[in-house]
Amino acid sequence: MKHIMKLQEEYFNYIKFGTKKYEIRLNDEKRQMIKVGDFIEFQKEPLLEEKMLLEVEDLEYYKDFKDLFNNIEIAYLADKSVEKDKLENDLERFYPKEKQNTYGVVAIKLKKDVNLKRKI
């Protein structure tokens, strides 16, 4: 199955250049449909013209982003140059604490094989 996710340019480029190994999202109804072996088409905002297709290698579930940050290094969630506070603030703009408490969060591990990283 293929899923579509939009990404801000900064985070899209972290995947593109191989530093970001996980996509992290609220585990809402849409994300609960994602399974290991599925594909995600990432579309770079704002124009959504540049796209990549990657395979889901694994799914890890956490109660909130703070819990996730205690288990996965920030360098794998964005880039080693990104500070934890910046990433946490970016995420909480989209996913307030109330929603994290309702749904939990998911870390979607992206397959490392660069041959699966395709432009669409």
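Guide: Happy to! Let's begin with E50, which forms a salt bridge with K16, their closest N and O atoms being 2.7 Å apart. This pair links distant parts of the chain: E50 sits in the loop between β3 (39–44) and β4 (51–62), while K16 belongs to helix α1, 34 residues apart. Helices (H or I, at least four residues) and strands (E, at least two) are DSSP runs, numbered from the N terminus. A salt bridge here is a side-chain nitrogen of Lys or Arg within 4 Å of a carboxyl oxygen of Asp or Glu. Side chains of opposite charge can pair when their charged atoms come close.

A word on the source: this is a predicted model, where local features need pLDDT of at least 70 and side-chain atom pairs count only at pLDDT 80 or more, while totals for chains, interfaces and linings use all residues. Residues are numbered from 1 along each chain as its sequence is written, and side-chain values use heavy atoms, with hydrogens and water left out.

Back to our pair: E50 and K16 also belong to a network of salt bridges with E9 and K44. K16 is partly exposed, at 29% relative accessibility; buried means under 20% relative accessible area, exposed over 50%, and partly exposed in between (1.4 Å probe, protein chains only).

E10 meets K86 in a salt bridge (3.3 Å, N to O), joining helix α1 (residues 9–16) to helix α5 (residues 84–94) across 76 residues. K86 is partly exposed at 33%, and E10 is partly exposed at 29%.

Now turn to D28 and R31, whose side chains meet at 3.5 Å, N to O. Both D28 and R31 are buried. By this rule, the count comes to 11 salt bridges.
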